[in-house]
Amino acid sequence: MNKKIIKIAIVGPESTGKSTVSKGLAQHYKTLWVPEYARYYCAALTAPCTLQDELNMFYGQIALEEAMEVACHTGLLICDTTFLTVKIWSDYQLGETPQPVLDALQSHKYDFYILLKNDIPWEPDPLRDFEGLSDYFMDVWRKELKALHANYVEVGGLNNRLQNVIYAIDAFLKKSQYTP
């Protein structure tokens, strides 16, 4: 793989439209997107999540992302969340984060993050646990992205969310002089 892959991470609290936006972005930019590995993993859990489960989700997300990077021929990869979610959920639910996750945070970079605002109605889902905590997790996401010195913008909008994200990404790509 000679061409640098630009990785755009779509992140935020639960039920902010990350998967819907990621799919829409992949269609718009005619590229691949990396789904959230944890959704598949958690769907198969039969007991409460443990630190080992969080570690498994971390490794699964990284492996899925690396596989999609190899398959990506456009130079632009959309990531439906990142393993930073593992840190956020681990800290909240279990009071700690597995060390390999912490170690990887500084070295596993994304070129640009879109932090989706929690300004759309909550949609129930069997894999969602934190209804009513969106403002809290929005603050956590801001804090974590700032701690990483991440290049990010917050984007919202009920009826024009995808278009608002496209505008933000187009502005970033123009500044970075991306050419497909």
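Predicted model: local features only at pLDDT ≥ 70, side-chain atom pairs only at ≥ 80, totals over all residues.

1. Residues are numbered from 1 along each chain as its sequence is written, and side-chain values use heavy atoms, with hydrogens and water left out.

2. The two strands, β1 and β3 (residues 76-80), run parallel and are joined by five bridges. Strands here are DSSP runs of E with at least two residues, helices are runs of H or I with at least four, and both are numbered from the N terminus. Two strands pair if DSSP finds at least two bridges between them.

3. β1 has another partner to look at. It pairs with strand β4 (residues 112-116) in the parallel sense over four bridges, and Ile8 stands opposite Phe112 there.

4. How many residues of strand β1 are buried? Six of the six in residues 6-11 are, so the strand is largely enclosed by the rest of the structure. Buried means under 20% relative accessible area, exposed over 50%, and partly exposed in between (1.4 Å probe, protein chains only). Both faces are covered, with Ile6, Ile8 and Ile10 buried on one side and Lys7, Ala9 and Val11 buried on the other.

5. Now the helices. The axes of α3 (residues 51-71) and α4 (residues 84-94) come within 10 Å and cross at roughly 175 degrees. Axes are lines fitted to C-alpha atoms, for helices over the stretch in contact, and angles run from 0 to 180 degrees between N-to-C directions. The two helices are therefore roughly antiparallel, a label given to angles over 145 degrees.

6. Which residues make up this meeting of α3 and α4? Leu51, Glu54, Met57 and Phe58 in α3 meet Val86, Trp89, Ser90, Gln93 and Leu94 in α4. These divide into six nonpolar, two polar and one charged. Ala, Val, Leu, Ile, Met, Phe, Trp, Tyr, Cys and Pro count as nonpolar, Asp, Glu, Lys and Arg as charged, and the others, Gly among them, as polar.

7. Thr85 also lies in α4 and is buried, with a relative accessible area of 8%. Leaving aside neighbours within four places in sequence, Thr85 is in contact (heavy atoms within 4.5 Å) with Glu36 and Trp141.

8. Finally, Tyr40 in helix α2 (residues 37-43) is exposed, with a relative accessible area of 54%.

Note on methods: Parallel < 35°, antiparallel > 145°, perpendicular 65-115°, else oblique.
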